[in-house]
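Here is a short report on the pockets of one protein. Look at the model first, then read on.

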Amino acid sequence: MDRRLADSLFVPVERWGWEPLSQDPRPHPEADSPPEWEEPSEPLGTGARKAAGCLAKVVLGLAAAVLGLLVVGHAYPSVLVAFGLFFLVLLGFVGVLGWSPELRAWWRRRVARDRYDAEYRAWEVRVAEHDRAERRALEAAGSWRTLTLGDPRRVFVFGGTPRDCWAGLLTTVGSSYLGRGGVVAVADFTEEGVAAELAHLAGQRGIPVLDAGIPHGTRPDVLGGLPVDETAELLAVSEPDRSADRLERRVLHLRLLTVVLEAVDGPWSFGRIAAGLRVLAGEPGGGALAAHEVDRLTAAVAVVGAGEQSRTRLAHLAGLLDLLSVVDSPEAAAAEVLWRDSGLSVLSTGGGNEDRKELLDAVVFHRLLRDLRHRRPALLVLAGVEAFDARSLRSVTRQAQRSGMTLVLLSRRLDADSESLLGDSADATIVMRPGTAADAIRAADLIGREHRFVRDRLTDQVGRTITRGVAHTEGETEWPVRPAWPGAGPGAIDRWNATTTLTSSSDTMSRSESESTSRSETTSRVYEYAVEPKSLQELPVTAFLLVEPTADGRRVVAADCNPGIALLDGVR
């Protein structure tokens, strides 16, 4: 099984995992749009059915009459001819009368139904053939597709656990680089053997593997091959110091270490350097040094001064290097420090003591950073970088960028320092299962948010207006009346002085009503997580989300790095 898995993984193809392919066939464009039945313009009614029955009775009667005519005509041929012509005319007349509008509508409906049934069967055939073709295409395409990155140079991996999540990712990615003949170097600061499976499978393929461990295992000489100034600088910058005056203290430590290294012959070890610092501080403990080295250090006391501050700093440095004296390896070859120039090199750190582990990780990290100027593996993996500050991580990312290698940083947490690196240092980010709720929220923020429009206010307003009016009008008209009897002269009006008065009045009432209705709607843009934090915490062990900037925008892909996927059928 291991041999088969190794043959499947170590192929000359870039691979960061596998992207699951959809197993649901794409629906036919007409799948939800079957032919619709349309009723003919003149539907068939009960009158048409009655007409059809009457026509049937007429035809039967005509048939009986024709039969009787044939019997009579056998004896009287002339009668047969006359009645035959009569019945033919009558039959044509009845046929014309029988083809009524209702019968025509019935016929049209039957023709339309036959046409609809044919169209529906044709639609069913088209959809079924499309679905069969889609299933065949999915079976040929497989269930998984190899996941590649655009141009990976710096990849940050957050979340997950070293033994399961990171080990699977490292095996999947590292095997693809080794399969192309590249050099892969792994610095494991987790003490959980993240590269053990990769090293085992590489051995199955006959690829050279260097598995080094500090302090346990094959221990390379971390200080080997360095001149005085670089050794002093390596030890000075590795001191875990986050105080405000750390720069001033670092300069002082660099000066003290330089004096000791110039007085002590190489090759150096942490124990011998610690002994030299004690001699310089005027303390006993120079047994690890030769007599001439002690004499040089004694003479250098005047150079560094014998003040209290110098002695305190010297004792502090000696105590730190004593912690590292357990990793001294006199048998180690100075030429082979962290990795070879071919195959796979794995360097892991341990220590048991927390302070020793922190200091040892810092020394190995900065030695690795120094060696990047001269050695350039195709893939460099640093596992467990949450112990280093953002400044150190920026230094190694810049160096990796200048070297043109692919750098992978694996961290359990996504803290503020890590987030500050993503904007200017990451080409791609891989999010695995977060360990805490806070990390899940940060990871969800990193993946991004999506917006949608929601209706958050709906207002209906109804109004009614009633207007009433009342008007009263009165009028009076007078005019003289002429006498109407015979012989009345013009003076009759004056004598009678008669007038007629007409009085009128009117009342008018009016009433009007009006109603109005208005509706207003308010829509707001709401931002939500593209992937909810809870969903991230429920990811399978080897599943991850890839976030990669591209020319078309941010690319977010769900994938899996389980190496066993390479053995499945339908993987491409």
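## What counts as a pocket

A pocket here is an open set of grid points with protein on both sides within 12 Å along at least five of seven lines. The model is predicted.

## The largest pocket

The largest pocket has a volume of about 890 Å³. Its lining is made up of 30 residues. Nearest the centre lie Val237, Ser238, Arg250, His366 and Ser392.

Which helix gives the most to this lining? It is α13, with seven residues. At least two lining residues come from each of α7 (228–237), α8 (246–263), α13 (354–371) and α14 (390–403). Domains can be traced too. Domain 1 (1–21 + 142–220 + 339–433 + 539–571) and domain 3 (228–327) each supply at least three residues of the lining.

The lining of the largest pocket holds 16 charged, nine nonpolar and five polar residues.

## The second largest pocket

The second largest pocket has a volume of about 310 Å³. It is lined by 16 residues. Closest to its centre are Glu354, Lys357, Glu358, Asp361 and Ala387. Nine of the lining residues are charged, four are polar and three are nonpolar.

## A look at Glu134

Now turn to a single residue. Glu134 sits in helix α4 (residues 101–141). Is Glu134 buried or exposed? Its relative accessible area is 11%, so Glu134 is buried; the cut-off for buried is under 20%.

Glu134 and Pro27 are 107 residues apart along the chain. Their C-alpha atoms are separated by 8.6 Å.

Terms used
Residues are numbered from 1 along each chain as its sequence is written. This is a predicted model: local features need pLDDT of at least 70, side-chain atom pairs count only at pLDDT 80 or more; totals for chains, interfaces and linings use all residues. Side-chain values use heavy atoms; hydrogens and water are left out. On a 1 Å grid over the protein atoms alone, a cavity is a set of points where a 1.4 Å probe fits but cannot get out, and a pocket is an open set with protein on both sides within 12 Å along at least five of seven lines; lining residues have an atom within 4 Å of a point. Grid points are joined across faces, edges and corners, and a volume is the space filled by probe spheres set on the points. Helices (H or I, at least four residues) and strands (E, at least two) are DSSP runs, numbered from the N terminus. Ala, Val, Leu, Ile, Met, Phe, Trp, Tyr, Cys and Pro count as nonpolar, Asp, Glu, Lys and Arg as charged, and the others, Gly among them, as polar. Domain bounds come from an automatic or database domain assignment. Buried means under 20% relative accessible area, exposed over 50%, partly exposed in between (1.4 Å probe, protein chains only).
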